[in-house]
Amino acid sequence: MSVPEKIQARWSSRWVFILAATGSAVGLGNIWKFPYMAGKNGGGVFVLVYLACIALVGLPILMTEIMIGRKGRGSPVNAVRKLIRESGASRAWEFIGWSGMLAGALILSYYSVIAGWTMAYTVKTVTGQLAGLPPDQVSGQFEAFVSDPKQVLVWHTAFMLMTSGVLARGLEHGLEKAVKFLMPSLLLLMLGLLSYAITNADFSAGVNFLFAPDFEKAIEPGVLVSAIGHAFFTLSIAMGAMMIYGSYLPDQTPIFGAAAIVVVADTLVALCAGLIIFPIVFANGLEPAEGPGLIFQTLPTAFAQMPGGIFWGTLFFVLLLLAAWTSAISLLEPAVSWALERFHLGRSMTSWLLGGVVWLAGVLTVMSFSDWAFEFSFLGITKENGIFDMIDILTSIIMLPVGGILIALFAGWVLKREMIEELLGLPHDSLYRIWRVAVRYVAPVGVAIVMITSLFA
Ligand code: PHE
């Protein structure tokens, strides 16, 4: 098998890598998906399960993925290929690279549509289109908006242009510049909104909802698997994103420390998003269990009523948009890096072409909320938005966990010990042993059990 030349580009420092990886991790998953999943699944218990998944499965696999990228120094497909060759393993492991790259592109196809909604809501909020409207009209507007393919398509297109535009400019002038500016902005916006939730909304009700688990409530089948799937999604693992970012990581950077910072930052942002959203929801007597409409229907209802709603609402949607942007970049970079190695068309052309392919796939999601919507049932849950839901299920519930299991097994059982030890750069031998138990046994077995039981529940 032929392996292209090594990737030469590097992040300019370890901190830029941490910013970029955190930018990838923090996204719609933290601010849109996590709060509505927590809301739907009763709050506290879900949060506990999710935290356990992040620590036991998420962190070890994240470290592994960064390590594979750095050692392989190539697009996910080629990085894995190189390690397979060095360790004399079966070519079947290449699946990890392919499936990651494909999952990333598939996810981006719908991610961009939702990010497009966010752009539209930024405009709706800042121009005061929702101000003062009663709840049913705010909801009505959302439904009318998402089921109008023409409008949604415009925003989806704009967002894909923003994403491909950054990628076309390359690592130094595109990705680095974007994250250096966007991540601090995101932090400021988040702190501003949090201070609002603490001082002006029902903060204690929000805290209670998120952190006081109600063990009386039975955990529904599907909750565990959604929590695991979400742990993968929110940390951007099993999608090639962390592998490609790892392949730009300078030598000698201790991976454990960097990965731990990313995990903690990602978790804090998700919890903060909950602590911003639920206090506002409760202060306005709204329902926490709204589902995907939580931030587009419930929250705007609150913004429409409250003093300063235009200001805070706009801040919120801009925050969401920036978070989505830095994630979208990392969803397409694996495919861009692979196509670059394979077709040599130059970065700019490759980024625009692949952006076009993903844009086209995104049209399926756009239409899933209008003319092509259909109902189907999966794991006992009824879904209404046809192809969009199918892509979501295929990626978050199937491809990510399966990819994650394989990454863990590959590093735990196939790669040679010396290769790993030196790479992970763990400060203590005991940490190395913990990592090895995690990737050999805990992560694969845990994820497999959850997947299998949920299928038969
Ligand atoms: N982690 C991102 C989020 O939480 C989504 C994402 C997944 C980004 C995979 C990149 C790769 O929204």
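In the predicted model, the largest nonpolar core comprises 165 residues, and among these Trp117, Phe296 and Phe316 touch the most other members. The largest share of this core is contributed by helix 14 (residues 309-343), which supplies 18 residues. For phenylalanine 316, once its neighbours within four places in sequence are left aside, contacts are found with Ile31, Leu193, Ile277, Ile295, Leu299 and Phe303.

Aromatic side chains were then considered as pairs. A pair of aromatic rings is described by the distance of the centres and the angle of the planes. The count comes to 30 aromatic pairs. In one of them, the ring centres of tryptophan 117 and phenylalanine 296 are 5.3 Å apart and the ring planes stand at 85 degrees, so this pair is classed as edge-to-face, given that planes over 60 degrees apart count as such. Because tryptophan 117 belongs to helix 5 (residues 95-126) and phenylalanine 296 to helix 13, the pair ties together parts of the chain that are 179 residues apart in sequence. Tryptophan 117 counts as buried because its relative accessibility is 4%, a value that falls under the cut-off of 20%; phenylalanine 296 is likewise buried, with a relative accessible area of 0%.

Phenylalanine 296 also pairs with tyrosine 121, and here the centres of the rings lie 5.5 Å apart with their planes at 70 degrees, so that this pair, too, is edge-to-face. Since tyrosine 121 lies in helix 5 and phenylalanine 296 in helix 13, the pair ties together parts that are 175 residues apart in sequence. Both tyrosine 121 and phenylalanine 296 are buried.

One aromatic cluster is formed by Tyr110, Trp117, Tyr121, Phe142, Phe145, Phe296, Phe303, Phe316, Phe317, Phe369 and Phe388. Phe142, a member of this cluster, is also among the residues in contact with glutamine 297, the others being Val138, Ser139 and Glu143 when neighbours within four places in sequence are left aside. Glutamine 297 lies in helix 13, which spans residues 294-305, and counts as buried because its relative accessibility is 11%. Its side chain makes a polar contact with the side chain of glutamate 143, at 3.2 Å.

Methods:
Residues numbered from 1 in each chain as written. Predicted model: local features only at pLDDT ≥ 70, side-chain atom pairs only at ≥ 80, totals over all residues. Heavy atoms only, no water. Helix = DSSP H or I, 4+ residues; strand = E, 2+ residues; numbered from the N terminus. Buried < 20%, exposed > 50% of the residue type's maximum accessible area, 1.4 Å probe, protein only. Polar contact = N/O pair within 3.5 Å; in protein donor to acceptor, adjacent residues only side chain to side chain. Contact = heavy atoms within 4.5 Å. Core = buried A, V, L, I, M, F, W, Y, C linked by side-chain atoms within 4.5 Å. Phe/Tyr/Trp six-rings, centres within 6.5 Å; stacked < 30°, edge-to-face > 60°.
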